[in-house]
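Visitor: Please pick one part of this structure and take me through it slowly. I'd like to see what surrounds that part, too.

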Amino acid sequence: MLKTNRKLPELCPSCSSTLQVTSLGCSSCETTVSGKFQLPALARLSPEEQEFVVNFVKSSGSLKVMAQHLGLSYPTVRNLLDDIIQKIETNEKS
Amino acid sequence: MKLSIFKHYTHIAGAKALLIGLGFIIATTIVGYYSNVHFDGALDAHSGKPSSISIHALQHLIAWVSVVLIFSLAGFILSKSRFRFIDIAGTIALARAPMLLVALIGFAPALQNAKPGEINNSIMLVTLIMIFPIIWMITLMYNAFTTSINVKGTKAVIGFIVGLILAEVLSKVLNQQFIL
């Protein structure tokens, strides 16, 4: 398993279109599955946004707890969540 | 915690901002009472004749409440987010903190010794200095507006300008009704 913390690319570096998964491999028996698979909605978020979602789940969905944990005000945390919701909805439409 | 003099709402809002903001409003009202500075509009600060502390308090209350009411209404119209009234009330109260400087500038001899209607260079200079805290307050109000109701871009700028003009009109109407 790779120990480097590599970022999952979301957009094509050449034409900026959304990337798809075309190959999945088993590291144990080296079986390869090829096809076209959409990236899951959460995988299409930036690492910072994914970390926010993880913290949100860990906080049992409480924005107040998250705000205390992050040292941010409640509306700031709520606005970050709204931005992520909007991004997911836009990604779903595209 | 890193706090900016313009963007502290990233860290402070809600009840905490309301308590600190009300503390500033009360302090500003008391200082304004002694320096004869009246906050008789959403954006107004005038050096005038002595009045009772209750008049000063009511004027300042109207100035704050007018903005809170109009911005809350703007939130219902412009925002897709579920915003909290306490965030608007708290951040707008805190945005009025620079008015304490205006109340203190009111002690300037040029204003204290001025006769009614008198305008000279010293009065003009002090009035000019008073504009800076007011600009600071307006900047804080804009940040309070965008953070509390989560609006961005052109919608935020136009909504803020229109909202502030309406709040100024409302505060003047309320002053006419309850004070004059």
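Guide: Let's go for α1 of chain B, where the buried residues are B:A17, B:L18, B:G21, B:I25, B:T28, B:T29, B:G32 and B:Y33. Buried here means 20 or more other C-beta atoms within 10 Å of a residue's own, exposed means 12 or fewer, and partly exposed is in between, with C-beta atoms placed from the backbone. Look down the axis of α1(B) and those buried residues fall within an arc of 130°, so they line one face of the helix. (The arc is taken over the directions from the helix axis to the C-beta atoms.) An α-helix has 3.6 residues a turn, so residues three or four places apart point the same way.

Before going on, a word on what you're looking at: this is a predicted model, in which local features need pLDDT of at least 70 and side-chain atom pairs count only at pLDDT 80 or more, while totals for chains, interfaces and linings use all residues. Residues are numbered from 1 along each chain as its sequence is written, with chains lettered from A and ligands numbered from 1 in the order in which they are written.

Back to the helix. α1(B) covers residues 14-35, 22 residues in total, and reaches 31 Å from its first C-alpha to its last, close to the 32 Å expected. That expected span is 1.5 Å times one less than the number of residues. Helices (H or I, at least four residues) and strands (E, at least two) are DSSP runs, numbered from the N terminus.

What sits over the buried side? The cover includes β1 (37-38), α2 (53-78), α3 (85-95) and α4 (99-105), each from chain B. Contact means that the C-beta atoms of two residues, placed from the backbone, lie within 7 Å.

Now slide off the end of the helix. Just after α1(B) comes B:N36, with a positive phi of about 60°; that is a positive value in a residue other than glycine. B:N36 belongs to the loop between α1 and β1 of chain B, and with 18 other C-beta atoms within 10 Å, B:N36 is partly exposed.

Helix α6 of chain B runs over residues 121-149, has 29 residues and reaches 42 Å from its first C-alpha to its last, close to the 42 Å expected. Its buried residues include B:M130, B:M137, B:L140 and B:F145. The buried residues of α6(B) pack against α3 of chain A, together with α2, α3, α4 and α7 (153-178) of chain B. Also in α6(B) is B:I129, which counts as partly exposed with 13 C-beta neighbours inside 10 Å. B:I129 and B:L101 are 28 residues apart in sequence and 9.9 Å apart in space, C-alpha to C-alpha. Just past α6(B), B:N150 takes a positive phi of about 55°.
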